[in-house]
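Have a look at the fold, then read on.

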Amino acid sequence: MKQSAGILAYKFVDKTIFFFLVHPGGPFWKNKDLESWSIPKGEFTIEEDPLEAAKREFEEETGFKVDGDFIKLEYVKLKSGKMVHAWAVEFELDESLIKSNDFEMEWPPKSGKLQSFSEVDKGEWFQTAEAIKKINPAQADFIVQMVSKISSSL
């Protein structure tokens, strides 16, 4: 079974929580918005520590090395059956400075031409309600979990 690990970065502006999400690059996602954003994440092998994989993927997709006090969240299962493990961390970054790694794919389909695309084409900070609308529905649970943890600690 495939597994991914990712980081849900959050920050407070005054007393309002914002979550950092990324939009996937490539032609398939070009005009998609609602339910298409994600936490920065990627696949890892059974030999790899999931948190270390999550940190690596965050850096690959944003160009930022993430650190802080990581909070383990309950995993979610995507429609594909893939399990996504996530950690939340309070972390500040300037979304305008994101630099993602690239991937290659045949484009247009069946053309025999390989083209290179950014894995992530943009990242943004969203307040809770907007983040839940933007994120892949299975991953919305990460935001709900984090809001619940923050509310119970106040």
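Which residues do ring pairs link into a cluster? They are Phe 20, Phe 58, Phe 91 and Trp 125.

Before going further, a note on the ground rules. This is a predicted model, where local features need pLDDT of at least 70 and side-chain atom pairs count only at pLDDT 80 or more, while totals for chains, interfaces and linings use all residues. Residues are numbered from 1 along each chain as its sequence is written, and side-chain values use heavy atoms, with hydrogens and water left out.

**Rings**

Two rings of Phe, Tyr or Trp (the six-membered ring for Trp) make a pair if their centres lie within 6.5 Å; planes under 30 degrees apart are called stacked, over 60 edge-to-face, and the rest tilted. By this rule there are seven aromatic pairs. In one of them, the ring centres of Phe 20 and Phe 58 are 6.3 Å apart and the planes meet at 55 degrees, so this pair is tilted. It joins distant parts of the chain, with Phe 20 in strand β2 and Phe 58 in helix α1, 38 residues apart. (Helices, H or I with at least four residues, and strands, E with at least two, are DSSP runs numbered from the N terminus.)

Phe 28 and Trp 29 make another aromatic pair, this one edge-to-face, at 5.0 Å centre to centre and 90 degrees between the planes.

| Residue | Relative accessible area | Class |
|---|---|---|
| Phe 20 | 0% | buried |
| Phe 58 | 0% | buried |
| Phe 28 | 54% | exposed |
| Trp 29 | 27% | partly exposed |

**Charges**

Phe 28 turns up again here, as Lys 32 lies over the face of its ring, 4.2 Å from the ring centre. The charged end of Lys 72 sits over the ring of Trp 87 in turn, 4.4 Å from the centre. To count, NZ of Lys or CZ of Arg has to be within 6 Å of the ring centre and within 35 degrees of the ring normal.

Lys 11, in strand β1 (residues 3–13), is buried, because its relative accessibility is 15%. Its side chain makes a polar contact with the side chain of Glu 92 at 3.5 Å. Such a contact is a pair of N or O atoms within 3.5 Å; within protein, one must be able to donate a hydrogen and the other to accept it, and residues adjacent in sequence count only if both atoms are side-chain atoms.

The loop between β7 (102–106) and β8 (114–118) holds Pro 108, and the peptide bond leading from Trp 107 to Pro 108 is cis, with omega near -10 degrees. Lys 110 is in the loop between β7 and β8 and has a positive phi of about 60 degrees, although it is not a glycine. With a relative accessibility of 83%, Lys 110 is exposed. Glu 35, in the loop between β2 and β3, is not a glycine and yet has a positive phi of about 65 degrees.

Conventions:
Buried < 20%, exposed > 50% of the residue type's maximum accessible area, 1.4 Å probe, protein only.
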